[in-house]
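These entries record what I looked up, one topic at a time.

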Amino acid sequence: MPNDATSSHHHDDESVVLGVDTHKDTHVAAVITVSGRPLGSRSFPTTTAGYHDLLTWASGLGILRRAGVEGTSSYGTALTRHLHAAGIQVLEVNQPDKAERRRRGKTDAIDAETAARAVLSGRATATAKTSDGPVEMIRLFKTAKESATKSRAQAINQLKAVLVRADPVLREQLTGLSNAKLIRCCAGLTPSPITTARAAAAHTLRSLAQRIIHLTDEINELNTQITEAINSHRPQLLDCYGVGPDTAAALLIVAGDNPERLASEASFAALCGVSPIEASSGKTQRHRLNRGGDRRANSALYAIVIARLRWCTRTRGYIIRRQAEGKTRREAIRCLKRYIAREIHKIIMAPRRA
């Protein structure tokens, strides 16, 4: 790793910019001046002491106010929290441009310096999420729930696949039952010595059913935790028509614990992938669907639209009116998602209730 390259004429009162290339076990940091002169680069372990040493080293090279960090939502999350706690503005830096990487080569020190230069040039403008509040709690609960839901669906499919090939006597006993009754019956099968294929099938069905019941209890408990966290943070969100715990969680997660980092409701719409994109040519003036942004937040907005189309007369009237104006149903739904994003943004940015 390159050593410090601090020149002899450096002044401690000069402003500097920090760039960090993050990894699982080590972070590589580089510091440059506001004029673009590199001051040095070093590697630090991803520990509390390592974060402290990184900050002390960078602050010793000048006045540190801004930092560009790669992977602020993955490997760089803990470092981002540490820098935020020290009062340093952390900007999220995307991976270096491929053309520039081909010209300069690829090392961790070069990537760290590139991150610092992205902040200095203004290319990196997105303030990183703090990830230290109730929204981070919701994100963790949501992650656990998604994996439990996926495992439960897999277990249900496996149970039905075993039942298809089971002994006819056992299969006929469980045929025609709903999922809930089937799982209860399989969980209540009497264990017996596993000496035949029929006994092995019964044992497997019982094991899978018990697993499904356990995962269902876990999912219900996580649902309770998510709802309580949302109610303690933004209870108004669940009062919004068509918004449930899952959709509210997805929209809160995309905004983060510091939603003030979003410049406007238009930036929130762009983050959710519902901002209109110009697609005009010649005499044709139109917008197309935005295929960028956070797709989970986009899916949450779509679920809200579908719920309102099913139950809300006003929403159905809006779709009919826009289709009469010449828009397709898909374009009208895109407009609805944009309006709902504006409504959600107002709720997220509203002062928190005591």
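Is Phe-44 buried or exposed? I note first that the model is a predicted one. Phe-44 has a relative accessible area of 3%, so it is buried by the cut-off of under 20%.

Entry on aromatic pairs. I found two of them in the structure. In one, Phe-44 and Trp-57 are tilted, with ring centres 5.7 Å apart and 50 degrees between the planes. This pair links distant parts of the chain, since Phe-44 belongs to strand 3 (residues 38-45) and Trp-57 to helix 1 (residues 48-59), 13 residues apart. I looked up Trp-57 as well; its relative accessibility is 8%, and it counts as buried.

The other pair is Tyr-318 with Tyr-339, which I recorded as edge-to-face: 5.8 Å centre to centre, with 80 degrees between the planes. Here helix 13 supplies Tyr-318 and helix 14 supplies Tyr-339, 21 residues apart. Tyr-318 is buried at a relative accessible area of 11%, whereas Tyr-339, at 41%, counts as partly exposed.

I traced five strands in an open sheet of mixed pairing, in the order 3-2-1-4-5. Strand 3 and strand 5 (89-93) each have a single partner strand and stand at the edges, so one side of each has no neighbour in the sheet. On average, neighbouring strands are turned by 25 degrees against each other, direction ignored. Strand 2 (residues 26-33) and strand 3 run antiparallel and are joined by seven bridges. Within that pairing, I located Ala-30 opposite Ser-41 of strand 3. Helix 1 lies across strand 1 (15-22), strand 2, strand 3 and strand 4 (63-70), and runs at about 170 degrees to strand 3.

Entry on the nonpolar cores. Which residues have the most contacts inside the largest nonpolar core? I listed Ile-138, Leu-251, Phe-268, Cys-272, Leu-301 and Ile-344, in a core of 38 residues. Elements giving two or more residues to this core include helix 5 (134-164), helix 8 (197-233), helix 12 (295-311) and helix 14 (329-349). Helix 14 gives the most, with nine residues. I then followed Leu-301: leaving aside residues up to four places away in sequence, it touches Leu-251, Cys-272, Val-274, Lys-337, Ile-340 and Ala-341. Apart from this core lies another, of 21 residues, and Phe-44 is among them, as are Ala-58, Leu-64 and Val-90. As background, I noted that nonpolar side chains in soluble globular proteins tend to be buried together.

Note on methods:
Residues are numbered from 1 along each chain as its sequence is written. This is a predicted model: local features need pLDDT of at least 70, side-chain atom pairs count only at pLDDT 80 or more; totals for chains, interfaces and linings use all residues. Side-chain values use heavy atoms; hydrogens and water are left out. A nonpolar core is a set of buried Ala, Val, Leu, Ile, Met, Phe, Trp, Tyr and Cys residues joined through side-chain atoms within 4.5 Å. Buried means under 20% relative accessible area, exposed over 50%, partly exposed in between (1.4 Å probe, protein chains only). Helices (H or I, at least four residues) and strands (E, at least two) are DSSP runs, numbered from the N terminus. Contact means heavy atoms within 4.5 Å. Rings of Phe, Tyr and Trp (its six-membered ring) pair if their centres lie within 6.5 Å; planes under 30 degrees apart count as stacked, over 60 as edge-to-face and the rest as tilted. Two strands pair if DSSP finds at least two bridges between them. Axes are lines fitted to C-alpha atoms, for helices over the stretch in contact, and angles run from 0 to 180 degrees between N-to-C directions.
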